[in-house]
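The following questions and answers examine a multi-chain assembly, from its chain contacts to individual side chains.

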4 protein chains.
Amino acid sequence: MPGVPPAHYAYLGPEGTFTEAALRSIPAAAKADLQPQQTVGAALDAVRRGEADGAMVPIESSVEGPVAATLDELASGDPLMVTREVLLPISFALMAAPGTGLHAVRRVATHPHAAAQCRRWLSIALPDATVEPSLSTASAAEGLADGSADYDAAIAAPIAAEHYRLTVLAADIEDNPEAVTRFVLVSRPAEPPLPSGRDKTSLVAFIADDHPGALLEVLTEFSVREVNLSRIESRPTGQGMGRYSFSIDCEGHVDDARVGEALMGLRRVCPDVRFLGSYPRADADTEGVAAEKDDAVYRDAAAWLGRIRSGRV
Amino acid sequence: MPGVPPAHYAYLGPEGTFTEAALRSIPAAAKADLQPQQTVGAALDAVRRGEADGAMVPIESSVEGPVAATLDELASGDPLMVTREVLLPISFALMAAPGTGLHAVRRVATHPHAAAQCRRWLSIALPDATVEPSLSTASAAEGLADGSADYDAAIAAPIAAEHYRLTVLAADIEDNPEAVTRFVLVSRPAEPPLPSGRDKTSLVAFIADDHPGALLEVLTEFSVREVNLSRIESRPTGQGMGRYSFSIDCEGHVDDARVGEALMGLRRVCPDVRFLGSYPRADADTEGVAAEKDDAVYRDAAAWLGRIRSGRV
Amino acid sequence: MPGVPPAHYAYLGPEGTFTEAALRSIPAAAKADLQPQQTVGAALDAVRRGEADGAMVPIESSVEGPVAATLDELASGDPLMVTREVLLPISFALMAAPGTGLHAVRRVATHPHAAAQCRRWLSIALPDATVEPSLSTASAAEGLADGSADYDAAIAAPIAAEHYRLTVLAADIEDNPEAVTRFVLVSRPAEPPLPSGRDKTSLVAFIADDHPGALLEVLTEFSVREVNLSRIESRPTGQGMGRYSFSIDCEGHVDDARVGEALMGLRRVCPDVRFLGSYPRADADTEGVAAEKDDAVYRDAAAWLGRIRSGRV
Amino acid sequence: MPGVPPAHYAYLGPEGTFTEAALRSIPAAAKADLQPQQTVGAALDAVRRGEADGAMVPIESSVEGPVAATLDELASGDPLMVTREVLLPISFALMAAPGTGLHAVRRVATHPHAAAQCRRWLSIALPDATVEPSLSTASAAEGLADGSADYDAAIAAPIAAEHYRLTVLAADIEDNPEAVTRFVLVSRPAEPPLPSGRDKTSLVAFIADDHPGALLEVLTEFSVREVNLSRIESRPTGQGMGRYSFSIDCEGHVDDARVGEALMGLRRVCPDVRFLGSYPRADADTEGVAAEKDDAVYRDAAAWLGRIRSGRV
């Protein structure tokens, strides 16, 4: 379609990593221009400056935990909003240059995190091989492709084999087949996607002091409206001792009455609250919150309040 | 003013009691028709049937506690609303027929509650007098007036001396000079009086079951909006075991944002909530809740929610 | 059994009332000396002075609500303890002197509260009779017995007919057949009765100020240990504005681990807590709290704490 | 001292990193045998197997957030206990082989995290230099020492300059001078160090389900005993959806009455609680919790409970 410029998406590079795979999993990326960036901050800044329409970055790993750089970059600087999340099973493959067979592998390169996640398979399938650390899984693969490698094979994401035209010697070699990483697609602030009935809302709540009840106060704003939390992390704010922020994911959409009221409650008790977006949950395993029914309960209560305020009890 | 019929007010009789004094303390009663009733229920029913424009009834005594009949009558039947409260110091006088002096008093009649509240004074001023029980303090005074009394003096409200043209032999004879009774003026449902900045709201919350957290849930709806409670009574509902209602007074007006939101919260978690009115507090000893400032905080939070819902973060 | 002096029990008189019936319902009263007293305070003081071994007083009516005099007398003065509760169905009878038939009844005397509770029956069975107020139901019956009555019949407790040798013309004439009054047997402080597995504990908690969270703090001490409340009343303490006490009944026995820990928690957050006793529940309709199983959970946690404190994790 | 074998301490290597500096900061490490390990898991396993007496590992960075590997390794496997924490300011130095001056630096190598933390300094002091990623800051320094480097200088911890006999060209070049990393010394389970009055307790609480109140329930066990939390992280347990654990640091020592009671409370409401140790706080900026005074309050409440249980009210 001439005249329509392609979208631009930044992502945490290099090419051939799981983040690129996460980005490629969304339809909008199909014909878009994809820009690998060296750091999460660089990817997000490309969005802030308008050089990219969105950025795909990792935010939480079932193995490694929260990605602090992403949480902190979203919590400060010009506001950004999450519009989508992607859950990607973290599956590793052993790959080599075409012509190399598994029995010929003596030295394997990969990122130490990947080595840790494939330890058992390596001890069984390649008990005599040595493992050398690389800067990223993709860079280990790249070395095989450009001939600079002094090792025989790399452990990397399957997408790296495609990228560098390597041969997969063994797939799904991770010890924990349920390992998954959560990525988020981040855009400049805009009206959130419409509620899907199974949404998630992300935010950062700043707390002024750390008396025993402070966090409880924050959580009560959610629980009193029966809004479930799916993630909470305390984060030091670096603004003097005893000041914390909490990075929180809750169930529901900012347009849901109960979520809206909980956010207003937070806004009243916290010195600052940063809204990071409402977007459909990527995991389909939970029942959708009956948002419409919920809203009816809230509307009924509001109508009742209107009646008693005007004497029609 | 020809053409304007006088207002009619019912009250818990008989004439000459503290309830009549409470009713007479409000300007609107000055030219109104006052109707004593035998019971609280009869006084309230007169309002429900439209025979009275309002009813003054006792609701709480600093000495005797809550007046169950009033609480229960307000909690059931056709809805009524409290529009005003009156705090009346409970001060007793010893009164006799004109011509009787204090030294001639051998037998004193009064209601047992009044006798109990003047015990110390009696033991000092009239150590040899006997005290006989009467049905009400007013009926003890009435007996002196109509000559039916076989006693010399009565302990009653000062208003009874006026009524029955008796002589006050001693005033302020109560042992506890801080005793006070709270009366409420009850009307048919109508728009509550405008917020005065120092209001009180009364309601009844029905709870479906009595698990340990049920009452806590109710109270949390108030505390999370920082709405203070000034009175709470659990009341068995009589609808099977383990079903309770709570009679509650909270600070603030139903038109205040925080009170309104707390009431909506209650409405969502309780099977039934009955609103009993918002009205100015009779005690002037507490600072007015800064309702306007409060509402600004709520408006700010609502405006913020509007902004983030439309992407203007 | 010669040499064993009879027990002495005080009760709220006069003779022939429901309180006497409540007292007579306990085995210990069978051969005891029963002393009617004019007021609740007098009955309790008889115990405090050692003139009575116990006192039976009403504490709560399903129709009239809490008995303020009893709550307040227990909350102040020398400590006393509740050792037993009695639930008595409040059933009224119409009684007259022998020889008087129902059709001959023109004037009925009774206490106004009793009249209110039999209103419907009176309107049907004796539509033309007038009702006259008496000081107590028993005094109405007494008047018939001593011939001083200018009325034909009395509404009183069945026990009054026995006392005054009157004829019951109609029994169970109360409008609400589920009306019940709760009485307590009060003694000087002593080790509470052993846990029965279905106990109740009474106490008064004094709160220093009335910030929104104060009552919530008190209730949380119970709910965090899953101790259910069966009654709560706020009571002004009369010690300046904004100072409240709460009269509370909770499920369980002071010897139960969870109740003991909740009481310790209260003791830490309240300026004063008065323990009023642990005693078996009179209503058999609820399942016994599995106190033994509960205690096992507490013992397990305590044993675990002992292990981690000594490094045996 | 002949006959006393030196202690053995494992730490997250390689040599010349901040973790080694943290370990060297404790007196016990002075004459000990220090063993760098490739991963946190390997360091902790050395302790579990008895090959090391303790392990120093990073647990939280003010810049990078929690160290997931450490949290997860402590939460599973054979129990371990934290006995000490070390807070280390994260200060970077630019270092080069002796003879290289700052003006000769064209290419700088360092770990990407370190590059991110010195970005501003680099843009000012070395605007034309290129930055190349290395596997660790120490490996960048090592390359200069062994001559394998194709770059001129490294950014690393000051301890790396000592190790590899490099010259510090510029010290304290980090953009955020308050960046700090928290390390913990981990041992096999043993009686915790005696309370110092300013302690911290670490634990992991497992939650069975994720209803809105579950986390609130956990936090209430702390707040009701006024135990402050200094860190909380939700962690997916990997045992099916909707199952979470919470990694928590609270103020106080397991031997403190309030902390002990809070832990017992947790133990009762959580399917599992893992105690990870009580140890002195490394930051001296907060007032010591008045643990002794606290314990007196708890002892008083326990004594009071003893009295009322035996009838001595």
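Two residues are in contact when heavy atoms lie within 4.5 Å. The model under discussion is predicted.

Q: How far apart are the closest C-alpha atoms of chain A and chain C?
A: Contact requires heavy atoms within 4.5 Å. No contact joins chain A and chain C. Their closest C-alpha atoms are separated by 11 Å.

Q: Which chain has no contact with chain B, its closest C-alpha atoms lying 11 Å from those of chain B?
A: The closest C-alpha atoms of this pair lie 11 Å apart. No contact joins chain B to the chain in question, which is chain D.

Q: How many residues of chain C are in contact with chain D, and what area is buried between chain D and chain C?
A: On one side, 35 residues of chain D take part, and they are in contact with 35 residues of chain C. Carbon and sulfur atoms give 65% of the area buried between the two chains, and that area is about 3100 Å².

Q: Which three residues supply 23% of the area that chain D buries against chain C?
A: The area buried between chain D and chain C is about 3100 Å². Of the part that chain D buries, 23% is supplied by three residues, more than by any other three. These are D:Arg268, D:Trp304 and D:Arg309.

Q: Which element gives the largest share of the side of chain D that touches chain C?
A: Across this interface, 12 residue pairs are in polar contact. The elements of chain D that give two or more residues to the side touching chain C are α8 (214-223), α9 (257-269), β15 (272-280) and α10 (291-309). The largest share, 10 residues, comes from α10(D).

Q: How many charged residues does the side of chain D that touches chain C have?
A: By class, this side of chain D has 20 nonpolar residues and 4 polar ones. The number of charged residues is 11.

Q: What is the N to O distance in the salt bridge between C:Glu261 and D:Arg225?
A: Side chains of opposite charge can pair when their charged atoms come close. Between chain D and chain C the count is 8 salt bridges. In the one between the side chains of C:Glu261 and D:Arg225, the N to O distance is 2.6 Å.

Q: Why does the salt bridge of A:Arg309 and B:Asp255 join two chains, and where does B:Asp255 lie?
A: The closest N and O atoms of A:Arg309 and B:Asp255 are 3.7 Å apart. A:Arg309 is partly exposed at 25% relative accessibility, and B:Asp255 is partly exposed at 29%. A:Arg309 lies in helix α10 (residues 291-309) of chain A and its partner in chain B, so the pair joins two chains. B:Asp255 lies in the loop between β14 (244-251) and α9 (257-269) of chain B.

Q: Which residues of chain B are linked with residues of chain A in a network of salt bridges?
A: Over all chains, the structure holds 72 salt bridges. From chain A, the network includes A:Glu221, A:Arg225, A:Glu261 and A:Arg268. From chain B, the linked residues are B:Glu221, B:Arg225, B:Glu261 and B:Arg268.

Q: Is D:Glu20 buried or exposed?
A: D:Glu20 forms a salt bridge with D:Arg24, with the closest N and O atoms 2.7 Å apart. The two residues are 4 apart in helix α1 (residues 18-24) of chain D, and therefore separated by about one helical turn. D:Arg24 is partly exposed at 48% relative accessibility. D:Glu20, at 1% relative accessibility, counts as buried.

Q: How many residues apart are D:Arg48 and D:Glu73?
A: The side chains of D:Arg48 and D:Glu73 meet in a salt bridge at 3.9 Å, N to O. This pair links distant parts of the chain, with D:Arg48 in helix α2 (residues 40-48) and D:Glu73 in helix α3 (residues 68-75) of chain D. D:Arg48 is buried at 18% relative accessible area, whereas D:Glu73 is partly exposed at 26%. Their separation is 25 residues.

Q: In which strand does D:Thr181 lie?
A: D:Thr181 counts as buried, at 10% relative accessibility. Beyond its neighbours within four places in sequence, D:Thr181 is in contact with residues including D:Pro58, D:Val86 and D:Ile90. Its strand in chain D is β11 (residues 180-187).

Note on methods
Residues numbered from 1 in each chain as written. Chains lettered and ligands numbered in written order. Predicted model: local features only at pLDDT ≥ 70, side-chain atom pairs only at ≥ 80, totals over all residues. Heavy atoms only, no water. Buried area = accessible area lost by both parts, 1.4 Å probe. Salt bridge = Lys/Arg side-chain N within 4 Å of Asp/Glu carboxyl O. Polar contact = N/O pair within 3.5 Å; in protein donor to acceptor, adjacent residues only side chain to side chain. Nonpolar A, V, L, I, M, F, W, Y, C, P; charged D, E, K, R; others polar. Buried < 20%, exposed > 50% of the residue type's maximum accessible area, 1.4 Å probe, protein only.
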